[in-house]
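Student: I'd like to learn how to read a structure like this one. Can you walk me through it?
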Amino acid sequence: MRNRTDPSPQPGADLRPAALPVGGVTTEQEAVGTLNDSVLAIRASEGDEDAFAVLVRRHSSRLLALAQHLLGNRADAEDAVQDAFISAWRRLPEFRHSASFSTWMYRIVTNRCLNTLRRRPHPLSLDTVPEPAAVDANSSPPKAAETDAAAAALTQALLALGPELRVCWVLRELHGLHYEEIAHVVGSSEQTVRGRLFRARRALMEAMRPWR
Amino acid sequence: MALDDPHPTSSDKPAGVHAAAAEASLHPDAELLAGAELLPCGRPLGHAWQQARSAAGAADPHSSRCPHCREAIEGLTALDRATRALRAEEQPDGHSLATRVINAVRSEVRLGTKLLLDDPDHDLRIAESAAAKVLRRAADTVPGIRAASCRVAAAKDDHAVHVVHVVVITVAATLDQPLRGRAEAVRQAVLHAAEHVLGLAVTTVDVEVNAVLGASRVHGDERHELSER
């Protein structure tokens, strides 16, 4: 719907809302905080830093979790996510909204992480990852600690995967992205994503053998 | 979980695909064959994995007897358990990171075009982004309306004595009330804010409703509540 009008007032037709303008700063911030990502991204692309701040607060923990799983440590993960957000702020005017803001940010953070990994001199391989000390091949780990130990072992096994496999697995299994979204994030076809997921799962299954 | 998807598990693939994963790094197309890797019993590994997560798998006589299929199923079950544990871990606290990002962004605010205010001397200016922020907030006060884009530009009117402006605002709206009345309310709210809050001369307000907003919620995942134009 498009409603182009001139500003001449219509007699007796004052449709102005009762409360104008909006109230104090807190009220404004609360109002902005209820907006969905699409609206916020459009506002931010036109220079509204308040709208962008809401997006940053909304997505920072999730993106930090992604970067931490991809990079293996908090410091590098924070650098990657911070760089990604600032890059996004500068590039928002070019953001065409063909994907959701969330998927777009996943893509930027993933690319930052892959660049960081490429600069690292010696990536781990599955063979070099020691088994966790708690594991005894002849007896199961104590039940109480089993969950934590398995999660820790899986985190370590993840870091031994090739970056491309790791990205696909983390986006699918820990962040719940669909194949189409992962393909967009990593810039590959859905078929390639499926193949990488299969290989990642097989390698991780092998690494998690002591926990069967 | 990932195995709810149709992996390429057809059993009509040639037996030579056992080394598909090793070759995949050399030949990208080989990745397509990864799911068809055969177990020693002749069944594709992907098929055993699918059975691990389906009720039909437990009833399959082959799977329950075959040591290779059982190992594949147990392996996936263990991985699933660890994956659930990892997924359940608390997300890192991104608060301080977010604060750093926001501070950095605020230090490089894009001011963009400057607009001339309608003051007596006509020498005051305001950044378009700042003016747009005020006009969006005004539009947001209309029930069931959320402003998205808001552009303000000087009107091309050779006959105008002073500089006047045109506002083009796009909004998302709920469908629980007639759109026409609320579009008019948006126009009035924007005009009121332009004149009384900003002191900006606006001659025309274009209101475009280009998205539908869920009536019960105005935030969250936009894919479920906001249909693009």
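Student: Is Arg87(B) buried or exposed?

Tutor: We go by counting neighbours: a residue is buried if 20 or more other C-beta atoms lie within 10 Å of its own, exposed if 12 or fewer, and partly exposed in between, with C-beta atoms placed from the backbone. Arg87(B) has 12 other C-beta atoms within 10 Å, so Arg87(B) is exposed. Keep in mind that this is a predicted model, where local features need pLDDT of at least 70, side-chain atom pairs count only at pLDDT 80 or more, and totals for chains, interfaces and linings use all residues. As for labels, residues are numbered from 1 along each chain as its sequence is written, while chains are lettered from A and ligands numbered from 1 in the order in which they are written.

Student: Which helix holds Arg87(B)?

Tutor: Helices (H or I, at least four residues) and strands (E, at least two) are DSSP runs, numbered from the N terminus. Arg87(B) sits in helix α5 (residues 67-88) of chain B.

Student: What does chain A's secondary structure come to?

Tutor: Nine helices and one strand. Reading from the N terminus, the order is β-α-α-α-α-α-α-α-α-α. Of the 212 residues in chain A, 43% count as buried.

Student: How do I check a helix's length, say for α7(A)?

Tutor: The expected span is 1.5 Å times one less than the number of residues. With 12 residues, α7(A) reaches 15 Å from its first C-alpha to its last, close to the 16 Å expected.

Student: How many residues of α7(A) are buried?

Tutor: Nine of the 12 are, so α7(A) is largely enclosed by the rest of the structure. Among them are Cys168(A), Trp169(A) and Leu171(A). After α7(A) comes Gly176(A), with a positive phi near 70°.

Student: At what angle do α3(A) and α7(A) cross?

Tutor: Axes are lines fitted to C-alpha atoms, for helices over the stretch in contact, and angles run from 0 to 180 degrees between N-to-C directions. Here the axes of α3 (residues 49-71) and α7 (residues 163-174) of chain A come within 10 Å and cross at roughly 140°. That makes α3(A) oblique to α7(A); angles under 35 degrees count as roughly parallel, over 145 as roughly antiparallel, 65 to 115 as roughly perpendicular and the rest as oblique.

Student: Which residues of α3(A) and α7(A) meet?

Tutor: Contact means C-beta atoms, placed from the backbone, within 7 Å. Leu66(A), His69(A) and Leu70(A) in α3(A) meet Arg166(A), Val167(A), Val170(A) and Leu174(A) in α7(A).

Terms used:
Two residues are in contact if their C-beta atoms, placed from the backbone, lie within 7 Å.
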